[in-house]
Amino acid sequence: MQVNIKGIRIKRRVRKNLGDIQGLAESLNRFGQLHPIVLTQNKILVSGRRRLEAAKSLGWPTIDAVILRGRDAADLLELELDENIHRIPLSRDEVDEALRRLQKLRNPGFFGRIWQAIVRFFKKIFGYTD
């Protein structure tokens, strides 16, 4: 559900350093919000502080959120911890491989461009759309 950003309250948080909000804002601007923030029924933030701050920096009036009901303070703290603890950054090798694949997709070689042209040609002839 979409929630008015101005109505969201932020209480004491575990995470103090929000890191690079600008990078996340650029991602939100380019791809949209992929994961909702989590709020209590009283619109108190449970998880998603970085997404919220990035959305604010973009001037978004609303943000996609999941509303939790019937949770006590211990549950809410456990949810906040869970969201932040179980994330693991990509290794340097994983990042390098992904960047190589992206480079290849964005800039195919001569034979790659020919293959893409052939595929587009047959899609057009047979009326196939993705």
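**Notebook: sheet and helix packing**

I began with the pairing of β1 and strand β4 (residues 62-68), which is antiparallel and runs over three bridges. The model I examined is a predicted one. Within β4, aspartate 64 is the residue that stands opposite glutamine 2.

I next looked up the sheet as a whole. It is open, has four strands in the order β1-β4-β2-β3, and its pairing is mixed. I noted β1 (2-4) and β3 (45-47) as the edge strands, each pairing on one side only. From one strand to the next, the twist averages 55 degrees.

I then turned to the helices that meet the sheet. Helix α2 packs on the sheet and touches β2 (37-40), β3 and β4. The direction of α2 makes about 115 degrees with that of β3. Helix α3 (residues 73-85) lies across β2, β3 and β4, and I recorded about 40 degrees between α3 and β3.

My last entry concerns the two helices α1 and α2. Helix α1 (residues 21-31) packs against helix α2 (residues 49-57) at an angle of about 70 degrees, and their axes are 8 Å apart. On the α1 side, I listed Ile21, Leu24, Ala25 and Leu28 as making the contact. On the α2 side, the contact residues are Arg50, Arg51, Glu53, Ala54, Ala55 and Ser57. Sorted by class, this contact of α1 with α2 holds six nonpolar, one polar and three charged residues.

Notes
Residues numbered from 1 in each chain as written. Predicted model: local features only at pLDDT ≥ 70, side-chain atom pairs only at ≥ 80, totals over all residues. Heavy atoms only, no water. Axes fitted to C-alpha atoms, helices over the stretch in contact; angles between N-to-C directions. Contact = heavy atoms within 4.5 Å. Nonpolar A, V, L, I, M, F, W, Y, C, P; charged D, E, K, R; others polar. Pairing = 2+ DSSP bridges.
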